[in-house]
Amino acid sequence: MGIVKNSFTNLFLRRRQYKMKIGFIGLGIMGKPMSKNLLKAGYELVVNNRSKAAVEELVAAGATGADSAMEVAKQCDVIITMLPNSPQVREVCLGENGIIDGAKPGTIVIDMSSIDPVESKAIGAELIKKGVEMMDAPVSGGEPKAIDGTLSVMVGGTKENFDKYYDLLMAMAGSVVYVGDLGSGNVAKLANQVIVALNIAAVSEALTLAVKNGADPELVYKAIRGGLAGSTVLDAKAPMMMAHNFKPGFRIELHIKDLANAINAAHATDTALPLTSQVMEIMQSLKNDGCAVEDHSAIVRYYEKISDTSVEK
């Protein structure tokens, strides 16, 4: 009987979610396709963005436009933000005409931006003074997975809110995982970005070593990919390096932002990140060389430059 009752309860909650009016602020490369997936899933949306063209595109798809974050908050009890970094999230949540000026007690902000977890906690502490709760739910997967709705979402906040809004998040994702208290989602995202950056640098270093010692980098890649050195990063980035195809899936300038947040969070907790700091300097060098908008696989350019070689096939 309890199982049947829980099933009816879950069904009731799902139906209630589809009647929710969801606010969505930030219609950039990631936010626009994510919001479109919410419309496809049957949610009613109120959207706001600095660029009015993106708002008009979403309005044409069935959303309602709003002139400010405050106007979004006046109309919606659930507000998703997808913004570039910590300052923008703070401004939208707490600034003039921000969410805090229009939100009613009981409103929840689900910040899906990738920001400093220390700042997530600080913003959440200010919002809760007005009875507004917050979850941090950064994503991994880039624009292609934002378009097809298969993002990986890492969630921080209360478990109660995670359970309540799980179906909403799954409308944009292939995986939604609870990590812990507010800020934990961004900690997981930063850990992800550290591992990816170091892995790309290791692949770059290894392929450069192969070429400088007279080996075919493609054959070396094929030889090692089935062993312990094999990884998703190796398979995704080594072919791009050897083709010198640096069309961005994830730009170097964005990875610099994430590593800066990781280093800031590390400093706040007396954590040493020596390898992350080294890769950060490599990326800064590439930015100075005009590679900021290239894919982060362009880290190999740094190794090619200092070793006077090329891994290009």
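This is a predicted model: local features need pLDDT of at least 70, side-chain atom pairs count only at pLDDT 80 or more; totals for chains, interfaces and linings use all residues.

1. Helix 10 itself covers residues 184-212, and its length can be checked by simple reasoning: at 1.5 Å a residue, its 29 residues should span 42 Å, and because the end C-alpha atoms are 42 Å apart, the expectation and the model agree.

2. The second largest pocket holds about 230 Å³ of space. Its lining is made up of 13 residues, of which Pro 117, Val 187, Ala 262, Ala 265 and Ala 266 are the closest to the centre. By class, the lining comprises 10 nonpolar, 2 polar and 1 charged residues.

3. Which helix gives the most to that lining? Helix 10 does, with 4 residues, while helix 7 (117-128) and helix 13 (252-268) are also among the helices that each supply at least two.

4. Glu 119 lies in helix 7 and Arg 90 in helix 5 (residues 86-94), so the pair ties together parts that are 29 residues apart in sequence. The structure holds 17 salt bridges.

5. As for confidence, the mean pLDDT of the protein chain is 94, and 94% of its residues reach 70 or more. Residues 1-17 call for caution, however, as pLDDT stays under 50 there and the model has 6 contacts beyond four places in sequence for this stretch.

Methods: Residues are numbered from 1 along each chain as its sequence is written. Side-chain values use heavy atoms; hydrogens and water are left out. pLDDT is the predictor's confidence in each residue, from 0 to 100. Contact means heavy atoms within 4.5 Å. On a 1 Å grid over the protein atoms alone, a cavity is a set of points where a 1.4 Å probe fits but cannot get out, and a pocket is an open set with protein on both sides within 12 Å along at least five of seven lines; lining residues have an atom within 4 Å of a point. Grid points are joined across faces, edges and corners, and a volume is the space filled by probe spheres set on the points. Ala, Val, Leu, Ile, Met, Phe, Trp, Tyr, Cys and Pro count as nonpolar, Asp, Glu, Lys and Arg as charged, and the others, Gly among them, as polar. The expected span of a helix is 1.5 Å times one less than its number of residues. A salt bridge is a side-chain nitrogen of Lys or Arg within 4 Å of a carboxyl oxygen of Asp or Glu.
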